[in-house]
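I opened the model and kept notes as I went. Each entry starts from something I wanted to look up.

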Amino acid sequence: MSTPFDQFDEVMQLREALSAETDRGCALHAASYLDNELGVMLASHFVDHAKTHKELLDGTGGLATFSARIAIAFALGLVSENVRNDLTLIRKIRNDFGHNPAKIGFDHEPIANRCRELHFRWETLERPPRRFFENSVFAVASQIHAAKWSAKRPAAPKEIVIDDEQREKHRKFVEQLMVTMTKDTEHRT
């Protein structure tokens, strides 16, 4: 069984990588990491069926986007409302950087304002907005990791086995239903 410390080295590598990044790189890298970790966390709460995980979480799957993963993680009670709100702000900050071709940073007022809204910023408002962002990223990552570690993968329901007697009952039921529907149609005309 995994423990909360299993990803410590990975998170420390992320911290080093984010420190070396430009502001834009930091926002894109951090959001990508959290998006991926949400997917892994969600899959850990699904039945053990890799094909279905891939269908849901990859490409055009219903849970392939960061926003969909945030919404379902909250809806399933896997993350708190504060984590959901910070993830949403992190996603919006990523989009602010990703959709603006100008050279901007965390001090760009719309981005700085979003950083000030982060719940897990841990710092007073006099600190640089990038610091708020990074603090929130690591706090949110720890919440996602905790939800992954506490996952109890459900078992798929047992298959329904239909024997010959049940098939015959079903065939007779459908046959009777068709007769009734035909009579109803004839009666209305």
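**Entry 1: a histidine.** Where does His49 lie? I found His49 in the loop between H2 and H3. I am working with a predicted model, and I read every value with that in mind. His49 has 41% relative accessibility, so I noted it as partly exposed. His49 and Ala156 are 107 residues apart along the chain, yet their C-alpha atoms are separated by 9.0 Å.

**Entry 2: the overall fold.** I counted eight helices and zero strands. The pattern along the sequence reads α-α-α-α-α-α-α-α. I then compared the radius of gyration with the globule rule. The value is 25 Å, well over the 16 Å that the rule gives for 189 residues, so the protein is more spread out than a compact globule. The C-alpha trace spans about 80 × 50 × 25 Å along its principal axes. Of the 189 residues, 36% count as buried. For contacts between residues at least 6 apart in sequence, I noted that 61% join residues at least 24 apart.

**Entry 3: the nonpolar core.** Which residues touch the most other members of the largest nonpolar core? I found Leu34, Leu87, Phe106 and Phe133, in a core of 43 residues. Helices H1 (8–20), H2, H4 (66–75), H5, H6 and H7 each supply at least two residues of this core. H2 gives the most, with ten residues. I followed Leu34 further. Setting aside residues up to four places away in sequence, Leu34 touches Phe66, Leu87, Ile90, Val137, Val140, Ala141 and Ile144.

**Entry 4: H7.** I then asked how many residues of H7 are buried. The count is 17 of 21, so I wrote H7 down as mostly covered, with buried meaning under 20% relative accessible area.

**Entry 5: H5.** H5 has 18 residues and reaches 25 Å from its first C-alpha to its last. That is close to the 26 Å expected at 1.5 Å a residue. The buried residues of H5 are Val83, Asp86, Leu87, Leu89, Ile90, Arg91, Ile93, Asn95, Asp96 and Phe97. I noted Asp86, Arg91, Asn95 and Asp96 on that list. The cover over the buried residues of H5 includes H2, H4, H6 and H7.

**Entry 6: H6.** Which residues of H6 are buried? In H6, residues 109–117, I found Ile111, Ala112 and Cys115 buried. Seen down the axis of H6, its buried residues fall within an arc of 100°, so they line one face of the helix. The geometry behind this is simple. An α-helix has 3.6 residues a turn, so residues three or four places apart point the same way. What covers the buried residues of H6 includes H5 (81–98) and H7.

**Entry 7: cysteines.** How many disulfides does the whole structure hold? My search found zero. Cys26 is in no disulfide, and the nearest cysteine sulfur, that of Cys115, is 9.1 Å away. Cys26 is buried, at a relative accessible area of 0%. Cys115 also counts as buried, at 0% relative accessibility.

Entry 8: I picked Asp35, which is found in H2 (residues 23–43). Is Asp35 buried or exposed? Asp35 counts as buried, because its relative accessibility is 16%. Leaving aside neighbours within four places in sequence, Asp35 is in contact with Thr65, Phe66 and Arg69.

**Entry 9: a loop glycine.** Last, I looked up Gly62. Gly62 is found in the loop between H3 (50–57) and H4. Gly62 is exposed, with a relative accessible area of 60%. Beyond four places in sequence, Gly62 is in contact with Glu55, Leu56 and Ala68.

Conventions: Residues numbered from 1 in each chain as written. Predicted model: local features only at pLDDT ≥ 70, side-chain atom pairs only at ≥ 80, totals over all residues. Heavy atoms only, no water. Buried < 20%, exposed > 50% of the residue type's maximum accessible area, 1.4 Å probe, protein only. Helix = DSSP H or I, 4+ residues; strand = E, 2+ residues; numbered from the N terminus. Arc of directions from axis to C-beta. Contact = heavy atoms within 4.5 Å. Disulfide = S-S within 2.5 Å. Core = buried A, V, L, I, M, F, W, Y, C linked by side-chain atoms within 4.5 Å. Rg over C-alpha atoms; globule rule 2.2 N^0.38 Å. Expected span 1.5 Å × (residues − 1).
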